[in-house]
Amino acid sequence: MKIGIIGAGNIGGNLTRRLTALGHEVAVANSRGPETLKALVDETGATAVTVPEAARGAQVVVVTVPLKNVPDLPAGLLDGAAEGVAVIDTGNYYPKERDGRIDAIEDGGLTESRWTEQHIGHRVVKVFNGTYAQDLLERPRPAGDPERLAVPVASDDEAAKRVVRALVDELGFDTVDAGGIDESWRQQPATPVYGLRAGVEAVTRALAEASPERPAAHKA
């Protein structure tokens, strides 16, 4: 598939490494410009592009930038993407450490990914937000392996969710359907599933045990 990755930090960089190794055509962008991605491009064979170019023709677009930077993404970012593009959101809200106060999340009760959807104007698939970046490189396992890790996947777009779950399977991880985006609070920071390294059964149980009350440590 043709995949655009916006953000070349730990998650974005390692997804670039894995997806190119699997034979996908990857275009990667960051806020500092293509020239700053030379080392990653040389390592992986991905194509460095500007942020507005990242989604052009892409069947999957990964948005993996700090939440506070989502409003700075260019308008019409997904206009040139393939029809039915699946948009992956790996983002998390860290009000104290990084993002500052976002009123719509704090007061309006929006999930982090619903807020992201409103800014980019497209439905998203929330996945890998609680995954350790290094696990993308070191922990993939074949289907059926007892040590295979599972990750929750939330979206209102069932077709996009199927595409993303198949891609995650190809990357070497199981998935658990975590419902729609309004239910994605179950996998936000400080929930039982966040950062959990476990299989399908434990991930399913952790999602069920989550509380919608955002803990004080994760409020502005």
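In which loop is Leu77 found? This tour of a predicted model returns to that residue after a view of the whole chain.

**The whole chain**

Begin by displaying the entire chain as a cartoon. Its secondary structure comes to eight helices and eight strands. The radius of gyration is 16 Å, close to the 17 Å that the globule rule gives for 220 residues, so the chain is as compact as a globular protein of that length. Along its principal axes, the C-alpha trace spans about 40 × 40 × 30 Å.

Of the 220 residues, 51% are buried. Among contacts with a separation of 6 or more, 68% join residues 24 or more positions apart.

**First stop: Leu77**

Select Leu77, which is found in the loop between β4 (60-63) and β5. Its relative accessibility is 7%, below the 20% limit, and Leu77 therefore counts as buried. Now show the residues that Leu77 touches, leaving out those up to four places away in sequence: Ile6, Val51, Pro52 and Ala55.

**Second stop: Thr90**

Move to Thr90, in the loop between β5 (86-89) and α3 (95-99). Thr90 also counts as buried, because its relative accessibility is 8%. Display its side chain together with that of Thr64: the two side chains make a polar contact at 2.8 Å. Beyond residues up to four places away in sequence, Thr90 touches Ile11, Val62, Val63, Thr64, Val127, Phe128 and Asn129.

Finally, select His24, in the loop between α1 (10-21) and β2 (25-29). Is His24 buried or exposed? With a relative accessible area of 11%, His24 is buried. Two links of its side chain deserve a distance label. One reaches the backbone nitrogen of Met1 at 2.9 Å. The other is a polar contact with the side chain of Glu170, at 3.1 Å. Both Met1 and Glu170 are among the residues that His24 touches, not counting those up to four places away in sequence; Ile3, Leu19 and Leu167 complete that list.

How values were computed: Residues numbered from 1 in each chain as written. Predicted model: local features only at pLDDT ≥ 70, side-chain atom pairs only at ≥ 80, totals over all residues. Heavy atoms only, no water. Helix = DSSP H or I, 4+ residues; strand = E, 2+ residues; numbered from the N terminus. Buried < 20%, exposed > 50% of the residue type's maximum accessible area, 1.4 Å probe, protein only. Polar contact = N/O pair within 3.5 Å; in protein donor to acceptor, adjacent residues only side chain to side chain. Contact = heavy atoms within 4.5 Å. Rg over C-alpha atoms; globule rule 2.2 N^0.38 Å.
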